[in-house]
Amino acid sequence: MHSKVIETLRERHFVHSVTSDDIASRLHTPMAVYCGVDPTADSLHLGNMVALMGLLHFHIAGHKAIPLVGNATGMIGDPSGRSSERVALGPDTLARNVAGIESQLQRFFIRGTEYASRRVPGMDPGSLNKVCILHNADWYQNMNILSFLGHIGRHARVGTMMARDSVKSRLQSVQGISFTEFSYQLLQAYDFWYLYHHHGCRVQLGGSDQWGNITAGTDLIHRMPLEHSQSVAGANNAEKAGASREANDKAFGITIPLLTTASGEKFGKSAGNAIWLDERKTSAFDIYQFFVKTADADVERFLKLFTLLPLPHISQ
C-alpha cells in the first residue's frame, strides 16, 4: 500500500505538481508526510479539507501523517494568493484559532480513519502510524532575529525569493509587499527543514499556490546542513539519527489543485465564499445543500476528492 499512494492521488486528481517524479519509487517504505495549516480563522474550510484528504490517503497507506498548525507563521501571514496584506492577529484571537483548528484536525483523522476502515479493503486501523499534530511555534519560541538571519537567512537567495509568484504579483500591485510577508516563505522553508531533520519528514503537501513556499523548503534542506540546528532554535531534542542523513535522501513536495468549480470559481476565505467545517459557521444542512446543488460537471471530481468510494463505483 505504501508505494501506491501516488498512483491513487493521481487517479483522484489530487496531484497538480511534484518536485520530482522520483517520489513514487521512494514510497515503498513508510515516510513522514506533512501538511501545514495557518490559524487565520477559528475553523478549517472545504478548501483545507482537500489537502487534508490528500494527507489522509498517505495515513491510510501506512505513512506517518503530520498535520502542522502554524501558530508561529500565522502571526506573519502568507502572501500567496492574496492581493493585500493580511490583518495581524492578536494573541487572544490566535490562541482561539489554534484551539479550534487543532480540535478539528483531531476529529478529522479519527473519523477519517474510521471511514477508511469501512471503505478500504484489508485496511487494519490498528497497524497505522499515529497521526502527530505539531505546532511550529515549538521551534521558533527560543529563536531570536540574529539567529534566524545569521543561520537561516544566509542560505536564502533574494533573487529566487523575489521570483516566486506570490511575491511578484504583490510587487506589481499598488500596495506592494511588506518585509514581514516577504519573509514568510523562509519561515515555511525552515518548517520543512526542521521536520526533515527532527521528524524524518520527506514530503510536504500543499495547495498549488504553495509551490514557491514548498520549493523554498526543499532548497533550504539542500543548502543548510544539520549542524546549524545546534545554534538555531536551541534544538536540544534533535534526533541523533538526523546527523547521518544520506546526501541523496531527497525531500519532495506535492501540490494539490485549489478547490474550484467547473467554471473556475475558487472557494476559500480570500474568495469570500468559504464552506466552513465548523457547524456554528456553516451548518451540516448547508454543507449537504452545497453538495446536492453541485453542478453535474463537478460531481465526479468532488466524489474523487472528498470520498474514498472506489473509482469504478464513482464512474458509474
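The protein chain of this predicted model contains 14 helices and six strands, taken as DSSP runs (H or I of at least four residues for helices, E of at least two for strands) and numbered from the N terminus. Residues are numbered from 1 along each chain as its sequence is written, and side-chain values use heavy atoms, with hydrogens and water left out. Local features require pLDDT of at least 70 and side-chain atom pairs pLDDT 80 or more, whereas totals for chains, interfaces and linings use all residues.

The C-alpha trace spans about 55 × 45 × 35 Å along its principal axes. Of the 316 residues, 51% are buried (under 20% relative accessible area, 1.4 Å probe, protein chains only). Among contacts (heavy atoms within 4.5 Å) with a separation of 6 or more, 82% join residues 24 or more positions apart.

The largest nonpolar core comprises 51 residues, a core being a set of buried Ala, Val, Leu, Ile, Met, Phe, Trp, Tyr and Cys residues joined through side-chain atoms within 4.5 Å. Its largest share, 10 residues, is supplied by helix α3 (residues 46-60). I6, F58, F109, L205, I254 and F306 have the most contacts inside this core. Beyond its neighbours within four places in sequence, F58 contacts V5, I6, L9, L27, V33, H63, L205 and I254. Another core, of 32 residues, lies apart from the largest one and includes L68, M143, V167 and W193.

Terms used: Buried means under 20% relative accessible area, exposed over 50%, partly exposed in between (1.4 Å probe, protein chains only).
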